[in-house]
2 protein chains.
Amino acid sequence: MDSIVKLIATLGKKARKASKSLRGASTEQKNSALLHIASNIQKNKNSLLIENEKDLAHGKTHGLDEALLDRLMLDDERIAGIIESLEQIAALPDPVGEITDLKYRPSGIQVGKMRVPIGVMGIIYESRPNVTIDAAALCLKSGNAVILRGGSEAIHSNLALYECVKSGLSDAGLDSNAAQLIDTADRQAVLELVKAYEYVDAIIPRGGKGLIKNVTEHARMPVIKHLHGVCHTYLDRDANSQKAIEIAFNGKTRRYGVCNATETLLVHKDLAADVLEQLIDLYVDKGVELRGCEKTQQRSNKVIAATEEDWSEEYLAPILSIRIVDSLDEAIAHIDQYGSSHTETIVSESITRSRKFLTEVDSSSVMVNASTGFADGFEYGLGAEIGISTDKFHVRGPVGLEGLTSQKYIVFGDGHTRA
Amino acid sequence: MDSIVKLIATLGKKARKASKSLRGASTEQKNSALLHIASNIQKNKNSLLIENEKDLAHGKTHGLDEALLDRLMLDDERIAGIIESLEQIAALPDPVGEITDLKYRPSGIQVGKMRVPIGVMGIIYESRPNVTIDAAALCLKSGNAVILRGGSEAIHSNLALYECVKSGLSDAGLDSNAAQLIDTADRQAVLELVKAYEYVDAIIPRGGKGLIKNVTEHARMPVIKHLHGVCHTYLDRDANSQKAIEIAFNGKTRRYGVCNATETLLVHKDLAADVLEQLIDLYVDKGVELRGCEKTQQRSNKVIAATEEDWSEEYLAPILSIRIVDSLDEAIAHIDQYGSSHTETIVSESITRSRKFLTEVDSSSVMVNASTGFADGFEYGLGAEIGISTDKFHVRGPVGLEGLTSQKYIVFGDGHTRA
């Protein structure tokens with residue numbers, strides 16, 4: 001363990017130093033590094049696949065399940081995807097240095113804000129090797145140094161990808177310590193990293209609930225995290241039936257394993273007669289298991305009884321809970337009690353009721369007449385995302401380049417002194 | 001101690017409930033509460049002064065020093081100041097509900113951001129009873145519930161002021177638990193408050209370094225804090241001598257006990273001959289003790305030797321450390337090593353050198369040709385401030401209403417589903 005403490009301190013000092021030089025790096029230099037990383041990956045594709053094969057073989061002999069093995073796997077298509085994502089990030093506008101709100105004050109000084117990097121980020125993730133590149137690229141573009149800690153099951157793939165990052169940084173004349181990878185499988189490294197507040201300004205855990213809980217409990221610096229996605233679609237009394245059916249069906253069935261999937265459908269009692277039967281048939285045809293409140297069950301024998309636990313369950317599976325509510329207030333109260341502050345949508349033609357929902361629902365994304373499936377950095381125009389924050393502090397919802405930055409005040413005078 | 005845990009849980013639950021009702025409160029209602037609080041204070045002025053007298057008497061018999069007694073003291077003028085500040089906060093624009101960046105995306109959805117309250121704030125402060133009102137008012141206006149914990153030395157004053165807050169909230173038809181005061185002097189209450197992350201979304205400690213350290217070490221939620229103010233004035237090679245002298249003199253001598261006072265003066269070697277002698281005389285005439293590097297001492301026998309500790313000292317007193325530097329880079333490196341990321345200013349006529357300073361100095365306020373004394377919420381146009389954050393996360397620099405809010409995404413569609 002002592003050696004782990006030392007390792008983190010060494011990485012931390014190098015990262016802090018690199019973050020200072022990154023602060024002054026030009027957009028051109030950062031983009032050049034991103035494109036060099038992309039071409040390094042292209043050049044080393046064969047050896048990347050060989051290293052990835054080692055992880056897969058190790059995973060198979062150690063009983064990793066199919067889903068995990070699939071996440072771990074790299075092939076031509078996935079490597080092309082990684083390269084494309086680097087090119088996209090290079091093409092995004094540089095958030096660093098953006099000056100906004102520059103205004104003269106009565107004293108004669110001019111005050112504004114400048115967007116700046118946070119400093120050093122720590123990213124802890126599991127399985128998917130592409131996160132090594134995505135995280136390094138987003139941190140680099142936003143001017144942050146990063147310390148990466150991938151899953152031990154992907155160690156060979158991550159190391160090979162990281163070599164491409166390191167030489168890409170050097171190729172562009174940047175400090176190659178701007179991105180560093182923790183290369184030990186020792187789990188103690190995660191604990192030491194999240195304690196190292198002198199070196200790391202913020203931590204982003206990407207993975208299952210166990211990882212996020214562990215990081216949150218031990219971190220001594222701010223954590224940007226995504227806890228659960230228990231998203232709600234609420235079909236209001238004043239909904240257009242056709243929109244209601246399409247949005248509710250799409251929110252649940254577009255993809256099951258994603259955090260923006262609708263997990264609970266709330267239906268106003270006055271709309272239920274219009275839409276519920278048809279919706280239930282659509283879900284059942286699609287193979288979705290339905291768990292409903294008593295009133296829902298009274299309307300259909302295709303719905304089994306929901307338990308109290310169902311209302312706060314993130315299924316990530318073809319299962320949907322359904323509740324009929326008496327009012328908009330009851331819908332909002334249900335979301336407040338059982339929701340995870342991720343994404344909720346109202347389907348309604350009433351602007352008054354939509355505005356109330358927008359104002360009173362306290363989630364990272366609140367929608368009107370759109371599928372919860374839209375909660376996504378690309379769909380929102382962020383270009384790329386490093387995760388979705390369900391926290392309220394600093395950044396909520398999809399976290400792109402801007403979420404990895406902060407703003408400082410800048411002041412211009414012409415010899416101004418204060419009375 | 002068990003009773004303290006219970007107390008905090010009770011306060012926390014009430015605060016959480018109140019924060020939900022505050023989310024939907026109108027600007028008019030919030031302003032009405034602020035003005036009711038002001039008139040309650042006016043009406044109860046005499047009893048406020050009697051309660052304050054109790055704290056002062058207790059302080060005197062328990063050996064509080066003059067400075068602390070002065071901070072504790074209320075009189076007609078200070079009460080008028082408290083009332084004025086309530087009226088100012090009522091007159092500020094309401095940040096909650098502001099919608100920005102609403103843009104159509106290729107999918108047809110329209111995505112933007114809505115400014116929203118954070119939820120429940122915890123404010124821990126010392127001595128000055130006016131913080132009870134300022135903190136309650138800023139939290140109320142920004143739609144946050146608040147749990148206040150003032151110093152035990154001000155308990156009678158704080159309780160009397162708090163009564164005015166509570167009835168002001170009721171008078172305006174708001175949940176009076178939107179602001180609550182911890183009325184026990186037991187220090188355990190601070191520890192339990194900063195652990196209560198289920199109930200409190202962020203903590204703001206306002207007070208000495210001991211308090212801030214204690215809160216930061218134990219808090220299980222984000223902390224908005226101001227650690228030190230070791231502010232630098234850097235007089236560049238290309239400075240206008242007159243501006244240099246005025247800004248350097250003002251930054252140090254305007255007020256000594258404030259966090260935005262200049263504590264270290266950095267002078268480019270090529271400018272020293274032009275300005276240093278005159279500046280030293282001005283400081284000495286004003287009674288400022290000067291502690292300099294070797295080169296500074298060589299220029300004047302009015303300067304004693306600075307120790308290594310001087311460079312990171314927040315004097316809050318008529319003392320100034322002075323260093324002659326060989327280059328702009330050396331000045332930036334000095335600030336990086338010894339500064340506290342609060343406020344730094346460059347005096348220079350060179351736009352290239354000013355831009356470099358603005359970009360590379362990583363402080364909450366970075367200035368050009370203006371006194372560090374301007375780092376202040378009122379001077380920046382925030383209307384009021386709850387403190388100055390030297391952190392990089394969420395909010396940097398003076399924290400006004402906007403710093404007490406967050407932004408959620410809002411999405412409008414017209415039946416849009418995602419492919």
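The domain assignment of chain A, in which bounds come from an automatic or database assignment, gives domain 1 (2-225 + 398-411) and domain 2 (231-377). The C-alpha centres of domain 1 and domain 2 of chain A lie 36 Å apart. The model is predicted: local features need pLDDT of at least 70 and side-chain atom pairs count only at pLDDT 80 or more, while totals for chains, interfaces and linings use all residues. Residues are numbered from 1 along each chain as its sequence is written, and chains are lettered from A and ligands numbered from 1 in the order in which they are written.

Four strands of chain A form an open sheet with parallel pairing, in the order β5-β4-β3-β6. Strands (E, at least two residues) and helices (H or I, at least four residues) are DSSP runs numbered from the N terminus, and two strands pair if DSSP finds at least two bridges between them. Strands β5 (179-181) and β6 of chain A stand at the edges, each with a single partner strand, so one side of each is left without a neighbour in the sheet. Direction ignored, neighbouring strands of this sheet are turned by 20° against each other on average. Helix α6 (residues 130-141) of chain A packs on the sheet, touching β3, β4 (145-149), β5 and β6 of chain A, and its direction makes about 165° with that of β4(A). Contact denotes C-beta atoms, placed from the backbone, that lie within 7 Å; axes are lines fitted to C-alpha atoms, for helices over the stretch in contact, and angles run from 0 to 180 degrees between N-to-C directions. Helix α8 (residues 188-195) of chain A lies across β3, β4 and β6 of chain A, at about 155° to β4(A).

Strand β3 (residues 120-125) of chain A runs parallel to β6(A) and is joined to it by five bridges. In β6(A), A:I203 is the bridge partner of A:G122, and A:R206 is that of A:Y125. Five of the five residues of β6(A) (residues 202-206) are buried, the criterion being 20 or more other C-beta atoms, placed from the backbone, within 10 Å of the residue's own. Both faces of this strand are covered, with A:A202, A:I204 and A:R206 on one side and A:I203 and A:P205 on the other.

A second open sheet, of mixed pairing, comprises ten strands in the order β1(A)-β2(A)-β16(A)-β13(B)-β12(B)-β7(B)-β8(B)-β11(B)-β9(B)-β10(B). Its edges are β1 (99-104) of chain A and β10 (304-305) of chain B; each has a single partner strand, so one side of each lacks a neighbour in the sheet. Strand β16 (residues 405-416) of chain A pairs with β13 (residues 365-370) of chain B in the parallel sense over five bridges, and A:F412 stands opposite B:V368. Strand β13 (residues 365-370) of chain A likewise pairs with β16(B) in the parallel sense over five bridges, with A:V368 opposite B:F412.

In the interface, 59 residues of chain B are in contact with 59 residues of chain A. Strand β16(B) gives the largest share of the side of chain B that touches chain A, eleven residues.

Methods: Buried ≥ 20, exposed ≤ 12 C-beta atoms within 10 Å, placed from the backbone. Contact = placed C-beta atoms within 7 Å.
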